Amino acid sequence: MKFSIRRMFIGAGNQSVPSSKKDFDTLREARDGLILTLAIEEKFDVLIANYAELEQELLRVALNDMVYSDENVRLAFRDDRMVFNRRLSNLLSSARMYRDQVQADLNRTAAWKAMDMKGWVKGAMSNAAQSTVEFRACESLRNATQHQEMPVYSVSRGWSRTSLGTCFVTQISAKLAAFLTRRSPDKKLEQELWPAFAPEKEKKKPARNLQNPTILLMPLVRRYVETLAKIHRELRGKLKQ
């Protein structure tokens, strides 16, 4: 069998270069690796874009609270919660997509199979889950969102003033919360989350004494995305080899 390399684009003509089977297979493997590497980057881009949209939504709510009247803010409470549910659901779903599809991509070339790249990513994800409570919490939240209910229970606003000599700085914030006990049957996880991620007004009380104890979501989400980004950066370095 004869092997050759040809330019496959309009205007290239029918010119081709003879090739040995070894060189042909090497180039084909390299091409497939480049295509899959781009696909992996696109999946990560979807994940980060969804995270950026969630953070932008928080900024939008805080800005609206500063600019508009209290009446408009009260009327926006329910609509804001549904928007955050959509943003956070998109983020959690894209994180799961990234985990599953990247492992599948890494099992599609002989070179990556030889390096056991799929095994490395799977191990990195497992280590993250074991060492990071925020990672486990967001994985549990995603599972509950898929099978039980929407992730965001409430959207709360906060105002604080800080004195800077002759003037004041006003800090405006928006916080997302979820139910603690509905998210996972894992009692150990609940103990790790409470009171570390409880709202300030609930921290001093045992969770069992509250009818519906809640946890703040954004500290969990930010650490979760940070951990996934760290794994992705390490994966990039390995793929360059």
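Predicted model: local features only at pLDDT ≥ 70, side-chain atom pairs only at ≥ 80, totals over all residues.
Visitor: Okay. Where does Asp116 lie?

Guide: Asp116 sits in the loop between helix H3 (110–115) and H4.

Visitor: And what is the phi of Asp116?

Guide: First the general idea: most residues other than glycine have a negative phi, and most peptide bonds are trans. Asp116 is not a glycine, yet has a positive phi of about 55°. There's a peptide-bond case to look at too: Trp194 and Pro195 are joined by a cis bond, with omega at about 5°. Pro195 belongs to the loop between helix H6 (187–193) and strand E5 (214–216).

Visitor: Now helix packing. At what angle do the axes of H4 and helix H5 cross?

Guide: Roughly 105°, and the axes of H4 and H5 (residues 133–147) come within 5 Å. Angles of 65 to 115 degrees count as roughly perpendicular, so H4 and H5 are roughly perpendicular to each other. On the H4 side, Met125, Ala128, Ala129, Gln130 and Ser131 make the contact, meeting Val133, Phe135 and Arg136 in H5. Sorted by class, the H4–H5 contact has five nonpolar, two polar and one charged residues.

Visitor: How far apart are the axes of H5 and H7?

Guide: They're 8 Å apart, and the two helices pack at an angle of about 105°. H5 and H7 are therefore roughly perpendicular to each other. From H5 you have Glu134, Phe135, Ala137, Cys138 and Glu139; they meet Pro219, Leu220, Val221, Arg223, Tyr224, Thr227 and Leu228 in H7. The class tally for the H5–H7 contact is eight nonpolar, one polar and three charged residues.

Visitor: Last one: what volume does the second largest pocket have?

Guide: About 250 Å³. It is lined by 13 residues, and the closest to its centre are Ala128, Thr227, Lys230, Ile231 and Glu234. Helix H4 (117–131) and helix H7 (218–240) are the elements that give two or more residues to that lining.

Visitor: Which element gives the most to the lining of the second largest pocket?

Guide: H7, with seven residues. By class, the lining of this pocket splits into four nonpolar, four polar and five charged residues.

How values were computed. Residues numbered from 1 in each chain as written. Heavy atoms only, no water. 1 Å grid on protein atoms, 1.4 Å probe; cavity = no way out; pocket = protein on both sides within 12 Å on 5 of 7 lines; lining within 4 Å. Points joined across faces, edges and corners; volume = space filled by probe spheres on them. Helix = DSSP H or I, 4+ residues; strand = E, 2+ residues; numbered from the N terminus. Nonpolar A, V, L, I, M, F, W, Y, C, P; charged D, E, K, R; others polar. Axes fitted to C-alpha atoms, helices over the stretch in contact; angles between N-to-C directions. Parallel < 35°, antiparallel > 145°, perpendicular 65-115°, else oblique. Contact = heavy atoms within 4.5 Å.
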